[in-house]
Amino acid sequence: MMLGCASVPPPAPYGPVPSGRQLAWHELETCAFVHFGINTFTDREWGDGREDPALFNPTALDCRQWARVCKEAGMKGIILTAKHHDGFCLWPSRYTEHSVEKSPWRGGKGDVVRELAQACQEYGLKLGIYLSPWDRHEPSYGDSPRYNQHYQNQLRELLTSYGEIFEVWFDGACGEGPNGKRQVYDWPAFFEVVRQCQPQAVIFSDGGPDVRWVGNEKGFANPTNWCLLRRDEVWPGYPRFAELTTGHADGTHWVPAEADVSIRPGWFYHPAEDSAVKTVEELLEIYYGSVGRNAGLLLNVPVDRRGLIPEPDAARLREFRRALEAEFPKNLAKGAKPSASNVRGASPRFSAGRAIDGDTRTYWATDDSVTAAWLEVDLRTPQELNRVVLQEYIPLGQRVEQFVVEIEKGGMWRQVAEGTTIGYKRILTFPTVVASKVRLRIVRARACPILANFALYRAPDRRPAEEK
């Protein structure tokens, strides 16, 4: 006898699961990183802290232009280098004179962080902050207790003065060398300041605690990418960073990967790189290697000496947005006839159709005892396709370990793509095929599979990123 919909309980969570702030971060998918500061005017990547603040004098700074360009590119937030390793602050900090307050810009009355916060609010973007722990200007650096307090003061200043912050970005960079200053960072204290001042912000570092580095600056995760990490074993500056590109299959905490990469060779603006902006094809490859592999994408867009995103970069970002929209023009699975090898409790609440209804809050699920199953869509007429988008319902954990995508050909099922992990989002690319029936076969899952999205697309023909 078929059980009533309300009487069939949902699957229990399996393993580590994301917090509310992590779920909100996953949904952003793509954000901008903006490197801007004294290095912009010295043509360097790492300053030494001895730069004269008078060098900072953008002639036409317009944070609204930054926000407009990022919005047009489809990005959901901007993380600003409020202070890089040189120690120069883009806001008038009470705790140092090495800031915009000592520059000629805006007559020493300017505040880049405030102007960006206002621009983000106007354009509906999230604001994030990067505050370099390494400070080559601050005299107390190397006196660990004194500097840690100084750093917390500046961190609290930023997190209480500019409205809601969605991400606080930490790195472990320190190039002092073997004979340099010995600074022991108080990471627990730094993290606690964030939790106190911005409880909804995710904290990024090599080991999280909320979001981890992907282990490279090329913008890609491994095809196998767990949102899990043995978090207590990883710290900012973690030397075995290659592990972070995959995560830990036996991870103890939910710590998804963020893939950072610059649209140019460098992170700060350099005039010599105006002709070296990444192509649309390169940006698409980065997208498929990050968002398409269960990671967030943080794309750096340096601001020039005028205080604007340069025209070549802005134009390329608009081209990238148009190209990305062309990759996913119409979901061919929408309106298809779904079926599955197993439905949890035979309940409509967990039916195959829940995976193709366009709502990632609903999902297809199997009985607890079923960890290998298939989901099929009948397109009714032959369709060309070359993209598959998959999403697990991650509030209940990451489960799938191996899957294949098949099409029916002459009464036989033929494999066109395969993968291991899915997580928040997995996008597979393959040469264009024609099919009227497409099947996702979960070969192995750690617990009953839960799929929130199964989408099919026909993108323009191009060399798939995963073949490179």
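Q: Is the crossing where α3 passes α4 left-handed or right-handed?

A: First, a word on the model: it is predicted, with local features needing pLDDT of at least 70 and side-chain atom pairs counting only at pLDDT 80 or more, while totals for chains, interfaces and linings use all residues. Residues are numbered from 1 along each chain as its sequence is written, and side-chain values use heavy atoms, leaving out hydrogens and water. Now the idea: a crossing is left-handed if the near helix is turned anticlockwise from the far one by less than a right angle, and right-handed if clockwise. Here α3 passes α4 in a right-handed crossing. Helices are DSSP runs of H or I with at least four residues, strands are runs of E with at least two, and both are numbered from the N terminus.

Q: At what angle do helix α3 and helix α4 pack?

A: Two packed helices are described by the angle between their axes and the distance between the axes. Axes are lines fitted to C-alpha atoms, for helices over the stretch in contact, and angles run from 0 to 180 degrees between N-to-C directions. For α3 (residues 63-72) and α4 (residues 112-123), the angle is about 40 degrees and the axes are 8 Å apart. That is why α3 counts as oblique to α4; the classes are roughly parallel under 35 degrees, roughly antiparallel over 145, roughly perpendicular from 65 to 115, and oblique for the rest.

Q: Which residues make the contact between α3 and α4?

A: Contact means heavy atoms within 4.5 Å. Among the residues involved are Trp 66 and Arg 68 of α3, with Leu 116 and Glu 122 of α4. By class, this contact has 8 nonpolar, no polar and 5 charged residues. Ala, Val, Leu, Ile, Met, Phe, Trp, Tyr, Cys and Pro count as nonpolar, Asp, Glu, Lys and Arg as charged, and the others, Gly among them, as polar.

Q: How are helix α5 and helix α6 packed?

A: α5 (residues 144-159) and α6 (residues 187-197) have axes 10 Å apart, at an angle of about 20 degrees. Therefore α5 is roughly parallel to α6. Their crossing is right-handed. Tyr 151 and Leu 155 of α5 are among the residues that meet α6, whose side includes Phe 190 and Val 193. The contact of α5 with α6 divides into 8 nonpolar, 3 polar and 1 charged.

Q: Which residues does the cis peptide bond join?

A: Gly 208 and Pro 209, with omega about 25 degrees. Pro 209 sits in the loop between β5 (202-205) and β6 (211-213).
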